Amino acid sequence: MKVLVLGSGAREHAIVAGLIRDPQVDAVIAAPGNPGIALMCDTRPVEATDPAAVTALAHDLDADLVVIGPEAPLVAGVADALREASLPVFGPSGAAAVLEGSKAFAKEIMAAAGVPTAEAVAAADETDAADALDRFGAPYVVKADGLAAGKGVVVTEDRDAALAHVRSCLSVADRVVIEDYLDGPEVSLFVLCDGVTAVPLEPAQDFKRIGDGDTGPNTGGMGAYSPLPWAPPGLVEEIVTTVAQPVVDEMARRGTPFAGLLYCGLALTARGLRVVEFNVRFGDPETQSVLARLETPLSTALMAAATGTLAELPSLQWSSDASVTVVMAAAGYPEAPVTGAPITGLTEAAAQDGVMVLHAGTTASGTAGQLATSGGRVLSVVANAPTLAEARERAYAAAALISFDGQQQRSDIAAAAAAGQITIPSTTD
(Lines give C-alpha, C1' and ligand atoms only; values in the text may rest on other atoms or scores of the structure.)
Protein backbone atom coordinates (compact mmCIF):
# COMPACT_ATOMS: atom_id res chain seq x y z
CA MET A 1 0.00 0.00 0.00
CA LYS A 2 1.20 3.52 -0.84
CA VAL A 3 -0.04 6.26 1.51
CA LEU A 4 0.08 10.03 1.02
CA VAL A 5 0.01 12.00 4.29
CA LEU A 6 -0.99 15.66 3.97
CA GLY A 7 0.49 18.04 6.54
CA SER A 8 3.70 19.24 8.16
CA GLY A 9 3.33 19.10 11.94
CA ALA A 10 4.15 16.76 14.81
CA ARG A 11 0.72 15.14 14.38
CA GLU A 12 1.59 14.21 10.78
CA HIS A 13 5.05 13.08 11.91
CA ALA A 14 3.33 10.70 14.36
CA ILE A 15 1.02 9.42 11.60
CA VAL A 16 3.99 8.86 9.30
CA ALA A 17 5.85 7.02 12.08
CA GLY A 18 2.85 4.76 12.61
CA LEU A 19 2.58 3.99 8.91
CA ILE A 20 6.31 3.39 8.50
CA ARG A 21 6.21 0.57 11.06
CA ASP A 22 3.07 -0.88 9.43
CA PRO A 23 3.97 -4.10 7.55
CA GLN A 24 1.10 -3.52 5.12
CA VAL A 25 2.54 -0.19 3.92
CA ASP A 26 5.11 -0.25 1.13
CA ALA A 27 5.68 3.50 0.83
CA VAL A 28 4.74 6.71 2.65
CA ILE A 29 4.96 10.14 1.06
CA ALA A 30 4.35 13.32 3.06
CA ALA A 31 3.27 16.63 1.55
CA PRO A 32 4.74 19.02 2.34
CA GLY A 33 6.27 17.30 5.39
CA ASN A 34 9.01 18.76 7.58
CA PRO A 35 12.73 18.08 8.20
CA GLY A 36 12.00 15.32 10.71
CA ILE A 37 9.48 13.61 8.45
CA ALA A 38 11.98 13.86 5.57
CA LEU A 39 14.34 11.60 7.53
CA MET A 40 11.66 8.86 7.47
CA CYS A 41 10.04 9.10 4.03
CA ASP A 42 9.87 11.01 0.76
CA THR A 43 8.26 14.45 0.81
CA ARG A 44 6.62 16.54 -1.89
CA PRO A 45 5.77 20.26 -2.03
CA VAL A 46 2.07 21.04 -2.25
CA GLU A 47 -0.39 23.75 -1.23
CA ALA A 48 -2.34 21.68 1.30
CA THR A 49 -5.56 23.71 1.01
CA ASP A 50 -5.66 23.48 -2.81
CA PRO A 51 -8.02 20.59 -3.67
CA ALA A 52 -6.88 20.38 -7.30
CA ALA A 53 -3.18 20.38 -6.41
CA VAL A 54 -3.57 17.68 -3.76
CA THR A 55 -5.69 15.51 -6.06
CA ALA A 56 -3.15 15.84 -8.87
CA LEU A 57 -0.33 14.87 -6.53
CA ALA A 58 -2.25 11.82 -5.28
CA HIS A 59 -2.86 10.72 -8.87
CA ASP A 60 0.78 11.30 -9.83
CA LEU A 61 1.93 9.18 -6.89
CA ASP A 62 -0.71 6.51 -7.56
CA ALA A 63 -1.59 6.67 -3.86
CA ASP A 64 -3.81 3.92 -2.44
CA LEU A 65 -4.87 6.11 0.51
CA VAL A 66 -4.65 9.81 1.33
CA VAL A 67 -4.57 10.83 4.99
CA ILE A 68 -5.38 14.49 5.67
CA GLY A 69 -3.79 15.70 8.89
CA PRO A 70 -4.66 19.41 9.42
CA GLU A 71 -8.08 20.99 9.74
CA ALA A 72 -7.70 23.74 7.12
CA PRO A 73 -7.56 21.40 4.08
CA LEU A 74 -10.62 19.55 5.39
CA VAL A 75 -12.68 22.73 5.74
CA ALA A 76 -11.42 23.75 2.28
CA GLY A 77 -12.96 20.62 0.77
CA VAL A 78 -9.79 18.72 -0.13
CA ALA A 79 -11.37 15.42 0.92
CA ASP A 80 -14.34 16.12 -1.37
CA ALA A 81 -12.07 16.56 -4.39
CA LEU A 82 -10.20 13.35 -3.62
CA ARG A 83 -13.43 11.37 -3.27
CA GLU A 84 -14.76 12.81 -6.51
CA ALA A 85 -11.57 11.51 -8.14
CA SER A 86 -12.29 8.02 -6.69
CA LEU A 87 -9.31 8.18 -4.33
CA PRO A 88 -9.73 6.64 -0.85
CA VAL A 89 -9.28 9.42 1.69
CA PHE A 90 -9.20 9.55 5.47
CA GLY A 91 -10.85 12.82 6.39
CA PRO A 92 -14.39 14.25 6.38
CA SER A 93 -16.04 16.28 3.64
CA GLY A 94 -16.05 20.06 3.77
CA ALA A 95 -19.68 20.00 4.91
CA ALA A 96 -18.92 17.56 7.72
CA ALA A 97 -15.74 19.45 8.70
CA VAL A 98 -17.91 22.40 9.74
CA LEU A 99 -18.17 20.52 13.05
CA GLU A 100 -14.75 22.02 13.76
CA GLY A 101 -15.00 25.02 11.48
CA SER A 102 -17.92 26.47 13.47
CA LYS A 103 -18.39 26.11 17.22
CA ALA A 104 -21.98 27.33 16.82
CA PHE A 105 -22.71 24.61 14.24
CA ALA A 106 -21.24 21.98 16.57
CA LYS A 107 -23.61 23.17 19.32
CA GLU A 108 -26.51 22.89 16.91
CA ILE A 109 -25.58 19.31 16.04
CA MET A 110 -25.20 18.37 19.70
CA ALA A 111 -28.59 19.84 20.54
CA ALA A 112 -30.24 17.90 17.72
CA ALA A 113 -28.46 14.68 18.69
CA GLY A 114 -29.10 15.01 22.43
CA VAL A 115 -25.39 15.16 23.25
CA PRO A 116 -24.53 16.57 26.70
CA THR A 117 -22.48 19.77 26.51
CA ALA A 118 -22.06 23.13 28.19
CA GLU A 119 -24.89 25.62 27.78
CA ALA A 120 -23.80 28.25 25.26
CA VAL A 121 -24.80 31.43 23.44
CA ALA A 122 -23.66 32.31 19.91
CA ALA A 123 -23.49 36.10 20.15
CA ALA A 124 -23.47 38.33 17.07
CA ASP A 125 -22.42 41.51 18.88
CA GLU A 126 -20.60 42.64 22.00
CA THR A 127 -23.80 43.52 23.88
CA ASP A 128 -25.24 40.02 23.55
CA ALA A 129 -21.86 38.54 24.44
CA ALA A 130 -21.61 40.69 27.56
CA ASP A 131 -25.10 39.63 28.62
CA ALA A 132 -24.09 35.97 28.21
CA LEU A 133 -20.92 36.50 30.25
CA ASP A 134 -22.99 37.97 33.08
CA ARG A 135 -25.56 35.19 32.84
CA PHE A 136 -23.00 32.36 33.08
CA GLY A 137 -20.59 34.14 35.46
CA ALA A 138 -16.93 33.46 36.12
CA PRO A 139 -14.86 31.63 35.06
CA TYR A 140 -15.74 33.12 31.68
CA VAL A 141 -15.38 30.92 28.60
CA VAL A 142 -15.10 32.67 25.22
CA LYS A 143 -14.56 30.71 21.99
CA ALA A 144 -13.80 31.89 18.48
CA ASP A 145 -16.43 30.47 16.14
CA GLY A 146 -13.98 29.52 13.37
CA LEU A 147 -10.68 27.70 13.10
CA ALA A 148 -8.06 29.03 15.52
CA ALA A 149 -5.35 26.32 15.59
CA GLY A 150 -6.23 25.41 19.17
CA LYS A 151 -5.74 28.95 20.48
CA GLY A 152 -9.22 30.45 20.00
CA VAL A 153 -10.46 29.77 23.53
CA VAL A 154 -10.04 32.05 26.53
CA VAL A 155 -10.99 30.90 30.04
CA THR A 156 -10.58 33.67 32.59
CA GLU A 157 -11.85 35.10 35.85
CA ASP A 158 -11.32 38.59 34.39
CA ARG A 159 -14.46 39.94 32.71
CA ASP A 160 -12.49 42.65 30.90
CA ALA A 161 -10.13 40.03 29.43
CA ALA A 162 -13.14 37.98 28.35
CA LEU A 163 -14.68 41.01 26.62
CA ALA A 164 -11.37 41.77 24.93
CA HIS A 165 -11.39 38.28 23.42
CA VAL A 166 -15.01 38.77 22.39
CA ARG A 167 -13.99 41.88 20.45
CA SER A 168 -11.04 40.05 18.90
CA CYS A 169 -13.28 37.20 17.75
CA LEU A 170 -15.98 39.50 16.35
CA SER A 171 -13.36 41.45 14.38
CA VAL A 172 -12.83 38.38 12.16
CA ALA A 173 -16.12 36.47 12.40
CA ASP A 174 -19.86 37.10 12.50
CA ARG A 175 -20.33 35.57 15.94
CA VAL A 176 -18.56 34.43 19.07
CA VAL A 177 -19.53 31.58 21.39
CA ILE A 178 -19.92 32.17 25.15
CA GLU A 179 -20.17 29.02 27.27
CA ASP A 180 -20.90 27.97 30.80
CA TYR A 181 -17.71 26.78 32.52
CA LEU A 182 -17.24 23.02 32.91
CA ASP A 183 -15.44 21.69 35.99
CA GLY A 184 -13.64 18.36 36.26
CA PRO A 185 -10.74 16.68 34.44
CA GLU A 186 -10.71 16.72 30.65
CA VAL A 187 -10.49 13.70 28.37
CA SER A 188 -9.61 13.47 24.69
CA LEU A 189 -11.03 10.56 22.70
CA PHE A 190 -10.35 9.96 19.02
CA VAL A 191 -13.10 8.07 17.22
CA LEU A 192 -12.73 6.54 13.75
CA CYS A 193 -15.90 7.06 11.69
CA ASP A 194 -17.03 5.86 8.26
CA GLY A 195 -20.34 7.68 8.06
CA VAL A 196 -22.21 4.93 9.91
CA THR A 197 -19.96 3.20 12.44
CA ALA A 198 -17.88 4.75 15.25
CA VAL A 199 -14.77 2.94 16.57
CA PRO A 200 -12.88 4.54 19.48
CA LEU A 201 -9.13 4.70 20.01
CA GLU A 202 -7.60 4.87 23.49
CA PRO A 203 -8.31 8.02 25.55
CA ALA A 204 -5.68 10.63 26.37
CA GLN A 205 -5.38 13.88 28.28
CA ASP A 206 -3.65 17.01 26.99
CA PHE A 207 -2.40 20.20 28.60
CA LYS A 208 -3.58 23.40 26.91
CA ARG A 209 -2.03 26.22 28.92
CA ILE A 210 1.56 27.31 28.50
CA GLY A 211 2.62 27.12 32.14
CA ASP A 212 2.87 24.56 34.93
CA GLY A 213 -0.26 24.18 36.99
CA ASP A 214 -2.41 25.20 34.01
CA THR A 215 -1.32 28.84 34.13
CA GLY A 216 -0.91 31.38 31.35
CA PRO A 217 -2.62 31.58 27.96
CA ASN A 218 -4.05 28.67 25.99
CA THR A 219 -1.86 27.04 23.37
CA GLY A 220 -2.27 24.34 20.76
CA GLY A 221 -1.19 21.87 23.46
CA MET A 222 1.96 21.53 25.57
CA GLY A 223 1.88 17.78 26.21
CA ALA A 224 -0.26 14.71 26.61
CA TYR A 225 -0.34 11.17 27.95
CA SER A 226 -2.17 7.89 27.48
CA PRO A 227 -3.72 5.77 28.96
CA LEU A 228 -5.67 7.41 31.78
CA PRO A 229 -5.23 5.34 34.96
CA TRP A 230 -7.87 7.41 36.75
CA ALA A 231 -10.61 7.00 34.12
CA PRO A 232 -13.74 5.25 35.41
CA PRO A 233 -14.64 1.83 33.97
CA GLY A 234 -16.80 2.05 30.88
CA LEU A 235 -15.83 5.66 30.09
CA VAL A 236 -14.94 5.01 26.44
CA GLU A 237 -18.13 3.04 25.84
CA GLU A 238 -20.17 5.85 27.44
CA ILE A 239 -18.54 8.46 25.19
CA VAL A 240 -19.23 6.43 22.06
CA THR A 241 -22.84 5.74 23.08
CA THR A 242 -23.77 9.23 24.27
CA VAL A 243 -21.55 11.43 22.10
CA ALA A 244 -19.81 9.97 19.05
CA GLN A 245 -22.44 7.64 17.65
CA PRO A 246 -25.30 10.16 18.05
CA VAL A 247 -23.23 12.77 16.20
CA VAL A 248 -22.42 10.32 13.40
CA ASP A 249 -26.12 9.43 13.17
CA GLU A 250 -27.22 13.09 13.11
CA MET A 251 -24.69 14.01 10.43
CA ALA A 252 -25.89 11.10 8.30
CA ARG A 253 -29.51 12.14 8.83
CA ARG A 254 -28.66 15.59 7.46
CA GLY A 255 -27.09 14.13 4.33
CA THR A 256 -23.53 15.05 5.34
CA PRO A 257 -22.13 11.74 6.63
CA PHE A 258 -19.03 12.03 8.79
CA ALA A 259 -16.17 9.81 7.60
CA GLY A 260 -12.77 10.37 9.16
CA LEU A 261 -11.59 11.17 12.68
CA LEU A 262 -13.96 12.72 15.23
CA TYR A 263 -12.03 14.22 18.12
CA CYS A 264 -14.20 14.40 21.23
CA GLY A 265 -12.89 16.79 23.87
CA LEU A 266 -14.82 16.22 27.08
CA ALA A 267 -14.98 17.18 30.74
CA LEU A 268 -16.00 14.78 33.50
CA THR A 269 -18.03 17.20 35.60
CA ALA A 270 -20.11 17.05 38.76
CA ARG A 271 -23.13 16.92 36.43
CA GLY A 272 -21.73 14.04 34.38
CA LEU A 273 -19.89 13.82 31.08
CA ARG A 274 -20.02 16.98 28.94
CA VAL A 275 -18.54 17.81 25.52
CA VAL A 276 -16.09 20.71 25.49
CA GLU A 277 -15.38 20.68 21.75
CA PHE A 278 -15.17 18.63 18.58
CA ASN A 279 -12.35 18.53 16.08
CA VAL A 280 -12.48 16.69 12.79
CA ARG A 281 -8.92 15.34 12.70
CA PHE A 282 -6.30 13.86 14.96
CA GLY A 283 -5.53 16.28 17.78
CA ASP A 284 -2.01 17.45 18.55
CA PRO A 285 -0.31 16.51 20.92
CA GLU A 286 -2.58 13.60 21.95
CA THR A 287 -2.01 11.85 18.61
CA GLN A 288 1.66 11.45 19.43
CA SER A 289 1.00 9.34 22.52
CA VAL A 290 -2.11 7.51 21.30
CA LEU A 291 -0.55 6.29 18.05
CA ALA A 292 2.66 5.38 19.87
CA ARG A 293 0.60 2.76 21.73
CA LEU A 294 -1.38 1.38 18.77
CA GLU A 295 -0.34 -2.15 17.79
CA THR A 296 -2.99 -2.77 15.11
CA PRO A 297 -1.58 -1.73 11.69
CA LEU A 298 -2.54 1.93 11.33
CA SER A 299 -3.28 1.61 7.61
CA THR A 300 -5.89 -1.07 8.29
CA ALA A 301 -7.85 1.20 10.61
CA LEU A 302 -7.60 4.29 8.41
CA MET A 303 -8.52 2.41 5.23
CA ALA A 304 -11.56 0.88 6.94
CA ALA A 305 -12.80 4.36 7.83
CA ALA A 306 -12.08 5.60 4.30
CA THR A 307 -13.92 2.73 2.62
CA GLY A 308 -16.95 2.34 4.90
CA THR A 309 -15.88 -0.99 6.39
CA LEU A 310 -15.31 -0.13 10.07
CA ALA A 311 -18.01 -2.59 11.13
CA GLU A 312 -15.76 -5.36 9.79
CA LEU A 313 -12.61 -4.10 11.53
CA PRO A 314 -11.27 -6.48 14.21
CA SER A 315 -10.85 -5.05 17.71
CA LEU A 316 -7.94 -2.66 17.89
CA GLN A 317 -4.89 -3.90 19.79
CA TRP A 318 -2.95 -1.67 22.16
CA SER A 319 0.38 -1.76 23.97
CA SER A 320 0.10 -1.96 27.74
CA ASP A 321 2.84 0.68 27.96
CA ALA A 322 2.13 4.25 28.92
CA SER A 323 3.15 7.09 26.63
CA VAL A 324 4.00 10.68 27.57
CA THR A 325 4.49 13.56 25.13
CA VAL A 326 6.33 16.73 26.13
CA VAL A 327 6.10 19.67 23.73
CA MET A 328 9.09 22.00 23.40
CA ALA A 329 7.97 25.46 22.32
CA ALA A 330 9.78 28.53 21.05
CA ALA A 331 10.46 31.67 23.04
CA GLY A 332 7.47 34.00 22.92
CA TYR A 333 4.95 31.25 22.19
CA PRO A 334 1.96 31.45 21.95
CA GLU A 335 1.75 35.23 21.41
CA ALA A 336 4.82 35.90 19.24
CA PRO A 337 7.09 32.88 18.70
CA VAL A 338 10.75 33.64 18.05
CA THR A 339 12.09 31.69 15.10
CA GLY A 340 15.57 31.01 13.72
CA ALA A 341 17.14 29.63 16.90
CA PRO A 342 19.57 26.75 16.20
CA ILE A 343 18.53 23.40 17.69
CA THR A 344 21.05 20.96 19.16
CA GLY A 345 20.84 17.52 20.77
CA LEU A 346 18.20 15.98 18.49
CA THR A 347 20.24 12.92 17.57
CA GLU A 348 21.14 12.19 21.18
CA ALA A 349 17.55 12.57 22.36
CA ALA A 350 16.12 10.35 19.61
CA ALA A 351 18.64 7.62 20.49
CA GLN A 352 17.21 7.17 23.99
CA ASP A 353 15.34 3.95 24.76
CA GLY A 354 11.61 4.16 24.02
CA VAL A 355 11.82 7.74 22.72
CA MET A 356 10.69 9.42 19.50
CA VAL A 357 11.38 13.08 18.69
CA LEU A 358 8.70 14.43 16.35
CA HIS A 359 9.12 17.70 14.46
CA ALA A 360 6.62 20.53 14.05
CA GLY A 361 8.24 23.97 13.87
CA THR A 362 11.69 23.16 12.49
CA THR A 363 13.53 24.16 9.35
CA ALA A 364 16.94 23.50 7.80
CA SER A 365 19.37 26.36 8.46
CA GLY A 366 22.42 27.36 6.46
CA THR A 367 24.77 24.95 8.19
CA ALA A 368 24.82 21.39 6.85
CA GLY A 369 22.62 19.22 9.03
CA GLN A 370 21.70 22.11 11.33
CA LEU A 371 18.04 22.70 12.18
CA ALA A 372 16.46 25.84 13.56
CA THR A 373 13.12 26.80 15.03
CA SER A 374 10.46 27.93 12.55
CA GLY A 375 7.22 27.90 14.55
CA GLY A 376 5.61 28.10 17.97
CA ARG A 377 5.56 24.44 18.95
CA VAL A 378 8.93 23.17 17.77
CA LEU A 379 9.18 19.52 18.82
CA SER A 380 7.28 16.75 20.59
CA VAL A 381 9.34 14.36 22.68
CA VAL A 382 7.39 11.10 23.03
CA ALA A 383 8.38 8.31 25.40
CA ASN A 384 6.85 4.89 26.06
CA ALA A 385 7.51 2.83 29.18
CA PRO A 386 5.77 0.21 31.34
CA THR A 387 4.43 2.84 33.75
CA LEU A 388 3.36 6.46 33.46
CA ALA A 389 6.06 7.52 35.92
CA GLU A 390 8.76 5.82 33.85
CA ALA A 391 7.41 7.30 30.61
CA ARG A 392 7.54 10.77 32.18
CA GLU A 393 11.11 10.19 33.31
CA ARG A 394 12.19 9.06 29.83
CA ALA A 395 10.44 11.94 28.07
CA TYR A 396 11.93 14.63 30.27
CA ALA A 397 15.40 13.05 30.23
CA ALA A 398 15.35 13.07 26.42
CA ALA A 399 14.00 16.63 26.30
CA ALA A 400 16.85 17.74 28.55
CA LEU A 401 19.30 16.72 25.81
CA ILE A 402 17.72 19.16 23.33
CA SER A 403 18.54 22.83 23.41
CA PHE A 404 17.54 26.05 21.64
CA ASP A 405 17.44 29.63 22.88
CA GLY A 406 14.36 30.56 24.86
CA GLN A 407 12.83 27.09 24.77
CA GLN A 408 9.67 26.58 26.80
CA GLN A 409 8.21 23.36 28.18
CA ARG A 410 5.97 22.38 31.03
CA SER A 411 7.50 20.26 33.78
CA ASP A 412 4.22 18.75 35.02
CA ILE A 413 2.93 16.74 32.04
CA ALA A 414 1.18 13.63 33.48
CA ALA A 415 2.59 14.36 36.93
CA ALA A 416 -0.75 14.40 38.75
CA ALA A 417 -1.91 11.24 36.98
CA ALA A 418 1.33 9.41 37.78
CA ALA A 419 0.95 10.43 41.43
CA GLY A 420 -2.69 9.31 41.58
CA GLN A 421 -3.89 12.85 42.28
CA ILE A 422 -6.65 13.25 39.67
CA THR A 423 -10.19 13.02 41.00
CA ILE A 424 -13.57 13.21 39.27
CA PRO A 425 -16.26 15.39 40.90
CA SER A 426 -19.16 13.47 42.39
CA THR A 427 -22.02 13.27 39.91
CA THR A 428 -25.13 15.14 41.02
CA ASP A 429 -27.50 14.24 38.21
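The following dialogue examines how several terms apply to this predicted model.

Modeller: In this predicted model, local features need pLDDT of at least 70 and side-chain atom pairs count only at pLDDT 80 or more, while totals for chains, interfaces and linings use all residues. Residues are numbered from 1 along each chain as its sequence is written, and side-chain values use heavy atoms, with hydrogens and water left out.

Colleague: Why is L39 called exposed?

Modeller: The relative accessible area of L39 is 75%. Exposed means over 50%, buried means under 20%, and partly exposed lies in between (1.4 Å probe, protein chains only). L39 is therefore exposed. The residue lies in the loop between helix 2 (35-38) and strand 3 (42-43); helices (H or I, at least four residues) and strands (E, at least two) are DSSP runs, numbered from the N terminus.

Colleague: What makes I20, L39 and M40 a nonpolar surface patch?

Modeller: Patches are made of residues with over 30% relative accessible area and no salt bridge; nonpolar side chains (Val, Leu, Ile, Met, Phe, Trp, Tyr) are joined within 5 Å, and like charges within 9 Å. I20, L39 and M40 make such a patch of about 300 Å², where accessible areas come from the Shrake-Rupley method with a 1.4 Å probe and, for residues, only the protein chains shown count as cover.

Colleague: Why is D180 called buried?

Modeller: D180 has 19% relative accessibility, so it counts as buried. D180 is found in the loop between strand 9 (176-179) and strand 10 (186-194). Contact means heavy atoms within 4.5 Å, and D180 touches A118, E119, F136, V141 and R271, not counting residues up to four places away in sequence.

Colleague: How do you know that strand 10 and strand 16 pair?

Modeller: Two strands pair if DSSP finds at least two bridges between them. Strand 10 and strand 16 (residues 259-269) are joined by 9 bridges and run antiparallel. L189 stands opposite C264 in strand 16, and C264 in turn stands opposite F278 in strand 17. Strand 16 and strand 17 are joined by 7 bridges, also antiparallel, and form a hairpin with 2 residues between them.

Colleague: What makes strand 11 and strand 17 edge strands?

Modeller: The open sheet has 4 strands in the order 11-10-16-17, with antiparallel pairing. Strand 11 (198-200) and strand 17 (272-279) each pair on one side only. Neighbouring strands of this sheet are turned by 35° against each other on average, direction ignored; axes are lines fitted to C-alpha atoms, for helices over the stretch in contact, and angles run from 0 to 180 degrees between N-to-C directions. Helix 12 (residues 298-307) lies across strand 10 and strand 16, running at about 60° to strand 10.

Colleague: Are R410 and D412, which form a salt bridge, buried or exposed?

Modeller: The closest N and O atoms of R410 and D412 are 2.9 Å apart. R410 is buried because its relative accessible area is 1%, and D412 is buried with 18%.

Colleague: How many salt bridges does this rule give?

Modeller: The count comes to 18 salt bridges.

How values were computed: Salt bridge = Lys/Arg side-chain N within 4 Å of Asp/Glu carboxyl O.
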